[in-house]
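Please keep the sequence and the structure in view while reading.

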Amino acid sequence: MMDWTDRHCRYFHRLISPSLRLYTEMVTTGAILHGDRDRLLGFDPAEHPVALQLGGCDPADLVESAQIGADLGYDEINLNCGCPSERVQKGSFGACLMAEPDLVARGIKAMADAVSVPVTVKCRIGIDDVDDGPFLDRFVKTLSDAGCQTFIIHARKAILKGLSPKENRTVPPIRYELVREIKASYPHLTVIVNGEVKSCDAIRDHLETLDGAMIGREAYQNPWFLREVEETFFNTKNLLSEIEVVHHMADYATRMAHDHGTPVKSITRHMTGLFAGQKGARAWRQALSTLPHQDGADAGVILQALDAFEGKLAAAA
Ligand SMILES: Cc1cc2nc3c(=O)[nH]c(=O)nc-3n(C[C@H](O)[C@H](O)[C@H](O)COP(=O)(O)O)c2cc1C
C-alpha cells in the first residue's frame, strides 16, 4: 500500500507474523529504471517472503524492472492492475490495464520468461460500467494462457472517472462471488481474495473455496491482527509479545539510523496501531505522534513511548 507498506512497515509486520507473505507498495517501472534503487527497493532479509509490486505497462520496462527485483532477492513479482488513481491512469497502468488484457499478457509472459520467481497479478473484478463477470473471466483467461498462475483479486470494481482512490476502496460494492466463480472456472489457478478481510472467521470462510486472502487496511490499522492470523492459520509457537516487538523495533531504528540515516519518525509512523484496543493505547499513540518529531529524536523515543504505555497500563490495573 502506497506510503504505508514501505520497508519499515514490512519489517514491523514481519516481527509480528513470521509466515505471512508481505508485499511492497506499488513501485513504478519509471522509478526503478531512473530513480534511487536502494531507497525504492532496499529491504531487510528478515522480510522474506516478500513480493515486489510493479506499476507499469511497457513490456520491456516491466522485464527490466522484474529482473532488477528478482536479482535483489524478491520472492515474487506482482503486477498492479488495480490502482485507479488519476496519476496512474495518465501513465496507462494500474486498473486501466484491465481493459487491455493482451498488452498485460505480453508483459506477464515477458517477465515470466525473464525471471525464475513467480510473476503474479493483482486486479479488480472490473472497471467502470463493464459487465464484471465476463470481463474478469476474459482478463483472467488471457493472462492465464500467457502463464500467469496467481491472481489476487480485490473484489470490487474500480470506477476510473468520478471516484477518488479512497472512494474506490469503499463505494463500489464487494462481490466475493465473482472471485469464487473465477476459482471454480479455473481450479488450477491460485486465486487470492482481497477486500474488507478483517477477521479470522472471514479468512476461514474464504479458504473454503479460495487459495488465500490478502489483508490490506486492517493489517496497517490493527497490526496485532496479523498475530491472530499467524496463530490461527500457521499455528506458530514462540511468537514475540508486543513488548518484544517494540524492543526489536528500537534496535532496528538504531540500525537504520546508523546505516541509512533514517529518521526515527519514518519508522514509528507505522507503529501507532500496535496496542489498539488496550488500556494505554492512547498514551502510546500520543507519545509516538510527538516524541519522534522533536529535534534530535532517536530510537530511544520508541522505548519512551513504551514507558508511557506501560505507565497507563499500570495505573489502570
Ligand atoms: C493507503 C493505501 C495505499 C494503497 N496502495 C496500494 C498499492 O500500492 N498497490 C495495491 O495493489 N493496492 C494498494 N491499495 C489497495 C489495497 O492493497 C487493497 O486492495 C484495498 O485496500 C482493499 O483491501 P482491504 O479492504 O483489505 O484494505 C492501497 C490501499 C490503501 C488504503
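How many bridges join strand S5 to strand S6, and in which sense do the two strands run? In this predicted model, strand S5 (residues 150–154) and strand S6 (residues 190–194) are joined by 5 bridges and run parallel. Within this pair, His154 has Asn194 in S6 as its bridge partner.

**The sheet**

Strands S5 and S6 belong to an open sheet of 7 strands, arranged in the order S1-S2-S3-S4-S5-S6-S7 with parallel pairing. Strand S1 (22–28) and strand S7 (212–214) form the edges; each has a single partner strand, so one side of each lacks a neighbour in the sheet. From one strand to the next, the twist averages 25°.

Strands S2 and S3 pair in the parallel sense over 4 bridges, and Leu54 has Leu79 in S3 as its bridge partner. In a regular strand, side chains alternate between the two faces of the sheet. For S3, Glu76, Asn78 and Asn80 lie on one side, Ile77, Leu79 and Cys81 lie on the other, and all are buried. S3 is accordingly described as mostly covered, with 6 of its 6 residues buried.

**Helices on the sheet and against each other**

Helix H4 (residues 59–72) lies across strand S2 (50–55) and strand S3 (76–81), and runs at about 160° to S2. Helix H8 (residues 176–185) lies across S5 and S6, at about 175° to S6.

Two packed helices are described by the angle between their axes and the distance between the axes. For helix H1 (residues 7–16) and helix H12 (residues 242–260), the angle is about 150° and the axes are 10 Å apart. Angles over 145 degrees count as roughly antiparallel, and H1 and H12 are therefore roughly antiparallel to each other. The crossing of H1 past H12 is right-handed. On the H1 side, the contact involves Arg7, His8, Tyr11, Phe12, Leu15 and Ile16; these meet Val245, His248, Met249, Tyr252, Arg255, Met256 and His260 in H12.

**Cysteines**

The structure holds 0 disulfides. Cys83 is likewise in no disulfide, and the nearest cysteine sulfur, that of Cys96, is 9.2 Å away. Cys83 is buried, with a relative accessible area of 17%.

**Backbone exceptions**

Most residues other than glycine have a negative phi, and most peptide bonds are trans. His48 and Pro49 are joined by a cis peptide bond, with omega about -5°. Pro49 lies in the loop between helix H3 (37–41) and S2.

Positive phi values occur at Asp3 and at Ser92, neither of which is a glycine. Asp3 is found in the segment before H1, whereas Ser92 is in the loop between helix H5 (86–90) and helix H6 (101–114). The table lists the values for these two residues.

| Residue | Phi | Relative accessible area | Exposure |
|---|---|---|---|
| Asp3 | about 70° | 53% | exposed |

Conventions
Residues numbered from 1 in each chain as written. Predicted model: local features only at pLDDT ≥ 70, side-chain atom pairs only at ≥ 80, totals over all residues. Heavy atoms only, no water. Disulfide = S-S within 2.5 Å. Buried < 20%, exposed > 50% of the residue type's maximum accessible area, 1.4 Å probe, protein only. Pairing = 2+ DSSP bridges. Axes fitted to C-alpha atoms, helices over the stretch in contact; angles between N-to-C directions. Contact = heavy atoms within 4.5 Å. Parallel < 35°, antiparallel > 145°, perpendicular 65-115°, else oblique. Left-handed = near helix turned anticlockwise from the far one by under 90°.
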